[in-house]
Amino acid sequence: MPSKDTITWTAMLTAYAENGQTSLARKVFDEMPQRNVASYNAMMTAYIRSKGNVDEAYQLFCVMPERNVVSYIVMITGFVKAGMFDQAERIYCSLPVKWREPVCSNVLLNGYLKAGRIEEAVRVFEGMSERNVVSQSCMVDGYCKVGRIGDARNLFDVMVERTVVTWTAMIDGYMKNGMFETGFELFLDMRRERIVEVNSIIMSIMFEACGGFGRRGEGFQMHGFGFVDEATKILHMMSNKNIVSWNSLIAGYVQCAEIEVAFKLFEMMPEKDVVTWTVLISGFSSKGMTKKAIQLFLLMPDKDDVAWTALVSGFVNNEEYVEALCWFIKMLRSTIRPNPLTLSSVLSASASLAALNEGMQIHSFSLKVNMECNLSVQNALVSMYSKCGNVIDASRIFTNIVSPNTVSFNSMIICFAQNGFGEEALNLFWSMQNEGCEPNQITFLGVLSACVHVGLVKEGRQFFYSMQSLHNIEPGPDHYACMVDLLGRSGFLDEAVELIYSMPFEPHAGVWGALLSASRTHLRPDLAELASRHLIKSEPDNAAPYVVLSNIYSSLGKVKDEDQVRMTKKTKGVKKSPGCSWVT
């Protein structure tokens with residue numbers, strides 16, 4: 001029968017196409033004794049799936065004896081995927097109106113949304129004579145992604161039918177735009193309606209938000225109001241209790257800093273994968289429980305590069321730098337190859353130890369495994385050479401970065417500033433802005449530090465006050481400390497005191513320490529007494545305020561005051577710590 005033959009030929013064509021053999025599929029198509037609409041549609045689909053060969057598909061579309069709605073869907077999809085929206089619009093406008101809604105419109109609508117062209121998507125959506133839940137859910141998600149939360153919620157509220165996709169898009173929109181409480185309320189509404197199931201995607205969104213916003217209470221409520229025995233309630237709501245669902249629960253508790261509860265859930269799991277183990281290792285490390293992280297790592301049946309990196313970076317984050325290097329060596333002796341994040345972590349450990357030899361060995365290893373051009377590795381190398389005092393190699397690495405980011409510029413600016421190259425640091429700051437790279441708080445710490453080293457008071461003031469006025473960056477305690485240091489060194493001590501009293505938060509010891517140092521240089525016992533009082537209050541065992549104040553009184557010939565300070569220090573049992581250095 002001819003119809004049966006055509007079906008068989010089309011099935012063969014489709015089989016070749018699904019295996020990526022487009023040329024063989026075309027050969028079958030050309031040899032077909034008879035072709036129908038399904039045959040043409042199958043061949044066009046094969047072209048579009050094969051590296052987006054939309055032109056070949058369009059040639060077939062143009063010569064089709066007859067078309068159906070699938071023919072138009074295939075061609076619109078092909079042009080949309082290729083970013084050829086003008087051609088997609090022409091096909092869309094030429095198709096019969098009866099076939100336009102809602103599927104063809106949804107294809108074009110979704111294409112515009114994925115391309116971030118929200119206004120074109122709105123035009124298509126508003127022009128639709130018939131919309132379904134897919135159309136509306138796409139628009140809710142699209143509005144959320146561009147921050148138009150009000151428009152998204154207005155559409156969400158008028159929807160007659162909502163799927164889990166709709167709820168997920170709206171909840172995620174609130175979370176991504178910082179509207180955590182409203183997002184959590186919507187999550188509770190979804191649970192109360194019991195029309196859609198809570199899935200692992202929604203749980204991941206909620207737990208990520210709880211961790212990011214520090215809302216521990218909400219995290220507990222999602223897990224059954226804070227009791228470990230209730231932690232599986234959400235899982236019981238889900239028909240598909242897969243490993244992803246369990247991992248979402250565990251990751252949520254880790255993000256909420258409830259590692260003990262996360263571990264109990266871990267022990268309850270019927271099956272674990274490498275993600276489960278790695279999340280928990282990271283969780284123990286984040287709580288400073290590195291020994292527990294090691295125990296868990298050693299029990300892990302299959303270790304990949306991500307698990308090794310989680311362990312190594314955990315040591316670095318807990319300032320156990322020698323341990324990080326030791327475990328990196330163990331990793332090299334295993335069959336697992338380090339990834340760029342592993343190298344970045346151990347380079348950071350080397351930098352913190354000022355271990356130039358180890359850092360250079362890791363640098364050589366990065367060259368050997370062709371990771372020297374990875375941006376995170378390059379940034380870590382700049383920082384490592386900088387902290388080891390090797391400005392030349394740090395500058396050489398920085399110069400070889402093809403597209404430096406903010407971290408790259410920050411590392412090099414701080415390198416120059418800390419090693420006495422203040423003018424070079426400031427020149428790089430201007431270059432950074434000329435290249436369109438936005439500075440952040442760390443950038444300005446480096447810039448202000450450079451001003452301190454060079455003694456550029458006027459420029460330092462300008463940089464400090466431009467943080468908020470030009471860059472919308474709130475100065476932090478360390479920025480104030482830099483400014484107090486800059487003003488104090490240059491003799492503007494009264495201005496430094498005024499700046500301290502203008503701080504919107506409590507000054508830390510670094511601020512008062514900078515003022516104390518300047519008071520000693522310029523022999524201002526009144527300000528030294530002020531700074532010492534605050535330092536003694538915040539750091540009662542620190543001998544520096546007593547020593548500096550005593551030396552100032554001695555320089556001014558105030559023997560009685562000097563003896564009084566020494567007696568107070570002795571009475572309180574404060575002892576001066578012996579000097580020490582890592583440099584041998």
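Predicted model: local features only at pLDDT ≥ 70, side-chain atom pairs only at ≥ 80, totals over all residues.
**Helix 4**

Let's start with helix 4, which covers residues 54-63 and has Val54, Ala57, Leu60 and Phe61 as its buried residues. Looking down the axis of helix 4, you would find these buried residues within an arc of 120 degrees, so they line one face of the helix. What covers the buried residues? The cover includes the helices in this table.

| Helix covering helix 4 | Residues |
|---|---|
| Helix 2 | 22-31 |
| Helix 3 | 37-49 |
| Helix 5 | 69-81 |
| Helix 6 | 85-94 |

**Helices 18 and 19**

Next, find helix 18 (residues 274-286) and helix 19 (residues 290-299), whose axes come within 7 Å and cross at roughly 165 degrees. An angle over 145 degrees counts as roughly antiparallel, and helix 18 and helix 19 are therefore roughly antiparallel to each other. The crossing of helix 18 past helix 19 is left-handed. Helix 18 brings Trp277, Leu280, Ile281, Phe284 and Ser285 to the contact, while helix 19 brings Thr290, Lys292, Ala293, Leu296, Phe297 and Leu299. Sorted by class, this contact has eight nonpolar, two polar and one charged residues.

**Arg524**

Finally, look at the loop between helix 32 (509-521) and helix 33 (525-538), where Arg524 sits. Arg524 has a relative accessible area of 23%, so it is partly exposed. Beyond its neighbours within four places in sequence, Arg524 is in contact with Leu493, Asp494 and Ser519.

Conventions
Residues numbered from 1 in each chain as written. Heavy atoms only, no water. Buried < 20%, exposed > 50% of the residue type's maximum accessible area, 1.4 Å probe, protein only. Helix = DSSP H or I, 4+ residues; strand = E, 2+ residues; numbered from the N terminus. Arc of directions from axis to C-beta. Contact = heavy atoms within 4.5 Å. Axes fitted to C-alpha atoms, helices over the stretch in contact; angles between N-to-C directions. Parallel < 35°, antiparallel > 145°, perpendicular 65-115°, else oblique. Left-handed = near helix turned anticlockwise from the far one by under 90°. Nonpolar A, V, L, I, M, F, W, Y, C, P; charged D, E, K, R; others polar.
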